[in-house]
Amino acid sequence: MTARGPSSYAGLAAVAIAATASAGVLRADEATRLDIRWSPIIDLHFHARVAAASQKAPPAELAPLMDAVRKVNDALGRDLRSWGLIEGALYGCSTAADVRTAFSDFPERFTLRSPRGDSSDAGKEVELRRLALEFADALGQVEPTMTGIREDDERVVAQARATVAERLGPKEAACLKYMIEHLGPEDPKIVISVYLVADMPWPGAVTQLRPARAGGICFVAVRDVEPLQLIETILHESTHALDVVWKEDATLDHLRSKLQAAGPSVDQRDLHDVPHTLMFVHAGETVRRNIDPNHQHYGDVSGYYARLSRATQAVRGPWVDYLDGKASREEALDRIVRSLAPAGGSP
Ligand SMILES: [Zn+2]
């Protein structure tokens with residue numbers, strides 16, 4: 001499911017990177033909240049991506065869509081971030097016709113660039129609008145024949161949605177407050193859109209940037225995901241949506257600045273992994289401290305912490321000390337950065 005390791009709103013760069021909360025802004029007396037959604041065409045989109053990546057032959061109904069998925073994979077790349085240009089525009093779409101309308105606003109051409117400067121595709125120009133509209137047309141071609149798959153997926157998502165409503169619903173405000181208090185400068189008062197889908201490619205969740213500076217859009221796969229793991233994943237992706245709208249004085253950007261100022265002990269990988277690991281730790285602790293003290297972090301259950309042991313060792317202890325009131329936020333961030341220096345290096 002959701003390692004979300006590569007999960008990123010940064011996408012391929014930017015139709016619009018400097019996002020603001022231009023969509024879904026709430027009144028001054030309201031607090032940021034979640035808007036958990038279902039869309040048959042968004043579910044079909046991710047279903048098709050999973051089928052195209054599978055070793056098994058796709059269901060016959062999906063065959064016309066497989067070429068279109070492969071064309072986008074070839075043009076943009078096949079990982080979660082690569083599809084950000086396409087998926088960022090899916091907000092509000094319920095049908096293939098909606099998708100076509102959304103994609104028709106795309107620029108005719110787009111030059112790819114990597115958020116981390118490490119993509120071999122950086123600098124490649126793609127005919128974005130034509131590519132996206134061909135994909136939308138392929139969605140439209142299979143849409144009428146997908147009844148069986150749609151009904152099955154809708155049932156799976158409806159069950160997960162009921163579980164989320166039951167377990168997270170009464171605690172949602174407390175969880176978001178706990179995240180915003182510790183990670184943000186202030187409540188941005190936005191509605192965070194989270195589309196639940198039955199399946200999506202590994203790691204099973206992603207937040208993409210919406211066009212026109214309209215914030216993030218979260219997608220989370222639910223099939224066979226244990227309820228508290230699903231809730232932690234939704235909160236983790238919500239952190240990405242908050243990160244998009246917060247300014248430089250938020251904790252995550254403050255940490256990024258400290259990492260950048262730290263010199264050669266911090267490399268490009270740390271610049272991504274360390275703030276991202278802090279998101280994992282904080283989402284896990286948010287569930288433990290607001291819903292169930294026996295909750296095990298997704299990072300522990302999935303092996304993410306083991307895989308990213310350098311970042312996890314740097315982040316987890318100081319951040320939990322901060323949450324426990326044993327250190328200030330500033331002290332915790334400084335300890336995180338210091339711990340990345342080689343042993344015996346400067347204090
Ligand atoms: Zn993430």
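What follows is a chat between two colleagues about this predicted model.

Colleague: Quick overview first. How many helices and strands does the protein chain have?

Modeller: The protein chain has 14 helices and six strands. Keep in mind that this is a predicted model.

Colleague: And what share of the residues is buried?

Modeller: Buried residues account for 54% of the 347 in the protein chain. On contacts, take pairs at least 6 apart in sequence: 76% of those contacts join residues at least 24 apart.

Colleague: Let's go to the metal. Which residues coordinate the zinc ion?

Modeller: Three histidines: His236, His240 and His276. Each uses its NE2 atom, at 2.0 Å.

Colleague: How are the donor residues spaced in sequence?

Modeller: The spacing is H-x3-H-x35-H.

Colleague: How do His236 and His240 sit in helix α8?

Modeller: They are four residues apart in helix α8, so about one helical turn separates them.

Colleague: Is His236 buried or exposed? And His240, buried or exposed?

Modeller: His236 is buried, at 0% relative accessibility. His240 is buried as well, with a relative accessible area of 2%.

Colleague: Staying in that helix, what does Ser238 touch?

Modeller: Ser238 is also in helix α8. Setting aside neighbours within four places in sequence, Ser238 contacts Leu34, Met179, Ile192 and Cys218. Ser238 counts as buried because its relative accessibility is 0%, and the cut-off is under 20%.

Colleague: Now the packing. Which residues touch the most other members in the largest nonpolar core?

Modeller: Val194, Ile234, Leu278 and Trp319 do, in a core of 65 residues. Helix α8 gives the most to this core, with nine residues.

Colleague: Where does this core lie relative to domain 1 and domain 2?

Modeller: Between them. Domain 1 (33-243) and domain 2 (247-338) both give residues to the core, so it lies between the two.

Colleague: Switching to rings. How many aromatic pairs does the structure hold?

Modeller: Eight. One of them joins Trp83 and Phe135. That pair is edge-to-face, 5.6 Å centre to centre, with 70 degrees between the planes.

Colleague: Where in the chain are Trp83 and Phe135?

Modeller: Trp83 is in the loop between α2 (63-76) and α3 (84-87). Phe135 is in helix α5 (residues 128-142). They are 52 residues apart, so this pair links distant parts of the chain. Trp83 and Phe135 are both buried.

Colleague: Why is the Phe280 and Tyr298 pair stacked?

Modeller: Their planes are at 15 degrees, with the ring centres 6.0 Å apart, so the pair is stacked. It too links distant parts of the chain: Phe280 is in helix α10 (residues 268-290), and Tyr298 is in helix α11 (residues 298-302).

Colleague: What are the relative accessible areas for Phe280 and Tyr298?

Modeller: Phe280 is buried at 0%. Tyr298 is buried at 3%. Phe280 and Tyr298 also form one aromatic cluster with Tyr304 and Tyr305.

Colleague: What lies over the face of Tyr91?

Modeller: Arg210, at 3.9 Å from the ring centre.

Colleague: Last topic, the backbone. Which peptide bond is cis?

Modeller: The bond from Trp202 to Pro203 is cis, with omega near 10 degrees. Pro203 lies in the loop between β4 (191-197) and β5 (205-209). Most peptide bonds are trans.

Colleague: What about Lys189, what is its phi?

Modeller: Near 55 degrees, a positive value in a residue other than glycine. Lys189 lies in the loop between α7 (172-183) and β4. Lys189 counts as partly exposed, at 23% relative accessibility.

Colleague: And what is phi for Asp224?

Modeller: Near 60 degrees, also a positive value in a residue other than glycine. Asp224 lies in the loop between β6 (216-221) and α8. Asp224 is exposed, with a relative accessible area of 77%.

Notes: Residues numbered from 1 in each chain as written. Predicted model: local features only at pLDDT ≥ 70, side-chain atom pairs only at ≥ 80, totals over all residues. Heavy atoms only, no water. Phe/Tyr/Trp six-rings, centres within 6.5 Å; stacked < 30°, edge-to-face > 60°. Helix = DSSP H or I, 4+ residues; strand = E, 2+ residues; numbered from the N terminus. Buried < 20%, exposed > 50% of the residue type's maximum accessible area, 1.4 Å probe, protein only. Lys NZ or Arg CZ within 6 Å of the ring centre and 35° of its normal. Core = buried A, V, L, I, M, F, W, Y, C linked by side-chain atoms within 4.5 Å. Domains from an automatic or database assignment. Donors = N, O, S within 2.8 Å, 3.2 Å for Na, K, Ca; no water. Contact = heavy atoms within 4.5 Å.
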